[in-house]
Amino acid sequence: GGKHDVVVRITSTELPEEVEVSIADDGVGIPAELQAQCWEVFQTLQSRDVVDTPGIGLAIVKKVAEKHGGRVWLESEPGQGACFHVSLPRR
């Protein structure tokens, strides 16, 4: 199961060539071997009887970011939460 009362922190950083938005939480974290599949369509890390989500949100984020010359990545350790990053070039 998941952790209750998860705190989410959203930050943005303006760099000379890009803008980065980071969404971090203090939840259960994501093991390294599962991190790549987070960005795939119809993937969730919990069974369908626990969460009611189609599992397409992060895949859409990745597709849109890459279409505009950006990138996405994830930093996470089990028990330490997760931080999703989206970087888009400045125009």
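The structure is a predicted model, in which local features need pLDDT of at least 70 and side-chain atom pairs count only at pLDDT 80 or more, while totals for chains, interfaces and linings use all residues. Residues are numbered from 1 along each chain as its sequence is written, and side-chain values use heavy atoms, with hydrogens and water left out.

The protein chain holds two helices and four strands, where helices (H or I, at least four residues) and strands (E, at least two) are DSSP runs numbered from the N terminus. Along the sequence these elements follow the pattern β-β-α-α-β-β. Of the 91 residues in the protein chain, 25% are buried; here buried means under 20% relative accessible area, exposed means over 50%, and partly exposed lies in between (1.4 Å probe, protein chains only).

Six of the eight residues in E4 are buried, so that the strand is mostly covered. Strands are taken to pair if DSSP finds at least two bridges between them. On that basis, E4 pairs with strand E2 (residues 18-25) in the antiparallel sense over eight bridges, and Val-21 stands opposite Val-86 in E4. E4 also pairs with strand E3 (residues 71-76), again in the antiparallel sense, over six bridges. In this second pairing, Trp-73 stands opposite His-85 in E4. The hairpin of E3 and E4 has five residues between the strands, and Gly-79 takes a positive phi near 80° there.

The interior comes next. In soluble globular proteins, nonpolar side chains tend to be buried together. A nonpolar core is defined as a set of buried Ala, Val, Leu, Ile, Met, Phe, Trp, Tyr and Cys residues joined through side-chain atoms within 4.5 Å. The largest such core has nine residues: Ile-30, Cys-38, Trp-39, Ala-65, Val-72, Leu-74, Ala-82, Phe-84 and Val-86. E3 and E4 are the elements that give two or more residues to this core, and E4 gives the most, with three residues. Leu-74, found in strand E3, counts as buried at 12% relative accessibility. Leu-74 and Cys-38 are 36 residues apart in sequence, and their C-alpha atoms are 9.0 Å apart in space.

Rings of Phe, Tyr and Trp (its six-membered ring) pair if their centres lie within 6.5 Å; planes under 30 degrees apart count as stacked, over 60 as edge-to-face and the rest as tilted. By this rule the count comes to one aromatic pair. Trp-39 and Phe-84 form this edge-to-face pair, with 5.8 Å from centre to centre and 75° between the planes. The pair links distant parts of the chain, 45 residues apart: Trp-39 sits in the loop between helix H1 (32-35) and helix H2 (57-67), and Phe-84 in strand E4. Trp-39 is buried, with a relative accessible area of 11%, and Phe-84 is buried too, with 16%.

Val-6, Val-8, Ile-10, Val-21 and Ile-23 make a nonpolar surface patch of about 390 Å². Patches are made of residues with over 30% relative accessible area and no salt bridge, where like charges are joined within 9 Å and nonpolar side chains (Val, Leu, Ile, Met, Phe, Trp, Tyr) within 5 Å. The areas come from the Shrake-Rupley method with a 1.4 Å probe, and for residues only the protein chains shown count as cover. Strand E1 (8-14) and E2 each supply at least two residues of the patch. Val-8 has its place in strand E1 and counts as exposed at 51% relative accessibility.

Finally, the charged side chains can be considered. A salt bridge is a side-chain nitrogen of Lys or Arg within 4 Å of a carboxyl oxygen of Asp or Glu, and a search of the whole structure finds two. In one of these, the side chains of Arg-90 and Glu-14 meet at 3.0 Å, N to O. Because Arg-90 lies in the segment after E4 and Glu-14 in strand E1, this pair ties together parts that are 76 residues apart in sequence. Arg-90 counts as partly exposed at 42% relative accessibility, whereas Glu-14 counts as exposed at 61%. A salt bridge also joins the side chains of Arg-71 and Glu-18 (3.6 Å, N to O). Arg-71 lies in strand E3 and Glu-18 in strand E2, so the pair ties together parts that are 53 residues apart in sequence. Arg-71 is partly exposed, with a relative accessible area of 41%.
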